[in-house]
Amino acid sequence: MTEITGRTAIWGILADPIHHVKTPQALNSLMQERGVDGVLIPFHVGADDLTALVSGLKAMRNLKGFVVTVPHKTAIVDLCDDVSKQARAIGAVNTVRREADGRLVGEMLDGAGFVAGLRENGIEPRGRRIYLAGAGGAANAIAFALAEAGVSLLTIANRTLSKSEDLRQRLAENHPSVPVEIGTGDPSGHEIVVNATSLGLKEGDPLPLDVTRLTPDQTVAEIIMQPEVTALMAAARERGCRTHPGRPMLACQLELMAEFMEMRP
Ligand code: NDP
């Protein structure tokens, strides 16, 4: 536990429920390693009280920022004073920095964490054809980060077609030079295949795509962290594909969060 001094800076994380969230442990360890005189505290807040809490946080001069997770990532957008263009287009914010004058600046780092994780593992998405399964919160953030990274094609395949269409529309408005298509369960013809659905989390979940269409020249990336090797990854390995696990997305994102919220000694 950090020794609290008169200068200890405070960061927070907003969630409901909060007991299972591991970000406080991870970011507090990171601060200790780096000698930051600061502490990150879990704030358990329900949707009805979010506005009141955020207004209080603005008034706290030793609060430097906060992480935002389920179920507040969308509602927080309108409570920030300034939001990046990308977070605005995604419609969600997961990291907020409090400026010295109390202004709250929001950013969405889920997708940037995913792309940084790929790169750390030697997988470069620029110029690649990407198949993205999912159009939920994580998939939205990843789609925008991949478009930002300059992929040559993004194919979105989601169970609910209207969500794929909506995502394609917003990508077209914000990244007009990136071709976006709506796909089926068939990932063939893409160099990188990404599972950004929640399928794979529970035993017995159906596979998010048709694995019989995978070929050894493809890389299959997961965002599911537990189990470490999902059924999709196991099937992809059997077909000779390179696989990339879900964990690096979070690890890289913690770094990006610390940087954005200026967790410095
Ligand atoms: P959402 O609820 O916003 O989206 C869930 C997605 O999964 C949607 O595309 C949904 O399709 C799809 N889906 C769910 N059930 C089925 C099904 N039975 N058949 C087909 N598609 C299905 O969740 P999030 O995007 O916020 O999170 C998704 C997962 O990402 C989480 O489970 C979490 O584990 C993981 N995650 C990992 C992170 C990391 O750092 N590695 C960070 C954030 C999330 P539809 O639109 O049709 O409902």
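The legends below describe close-up views of a predicted model. Local features rest on pLDDT of at least 70 and side-chain atom pairs on pLDDT 80 or more, while totals for chains, interfaces and linings use all residues. Residues are numbered from 1 along each chain as its sequence is written, and side-chain values use heavy atoms, with hydrogens and water left out.

**View 1. The largest nonpolar core has 52 residues.** Such a core is a set of buried Ala, Val, Leu, Ile, Met, Phe, Trp, Tyr and Cys residues joined through side-chain atoms within 4.5 Å, where buried means under 20% relative accessible area with a 1.4 Å probe, protein chains only. Leu14, Phe66, Ile76, Phe114, Leu154 and Leu171 touch the most other members. Helix α5 (residues 137-149) gives the largest share, 9 residues, helices being DSSP runs (H or I) of at least four residues and strands runs (E) of at least two. Because domain 1 (9-108) and domain 2 (111-249) both give residues to this core, it lies between them; these bounds come from an automatic or database domain assignment.

**View 2. Ile76 and its contacts (heavy atoms within 4.5 Å).** Apart from neighbours within four places in sequence, Ile76 is in contact with Leu14, Leu50, Val54, Phe66, Val68, Val93 and Val96.

**View 3. An open sheet of 6 strands shows parallel pairing in the order β9-β8-β7-β10-β11-β12.** Strands pair if DSSP finds at least two bridges between them. β9 (180-182) and β12 (242-244) are edge strands with a single partner each, so one side of each has no neighbour in the sheet.

**View 4. Strand β8 (residues 153-157) runs parallel to β9, joined by 3 bridges.** Here Thr155 stands opposite Glu181 in β9.

Definitions and conventions:
Buried means under 20% relative accessible area, exposed over 50%, partly exposed in between (1.4 Å probe, protein chains only).
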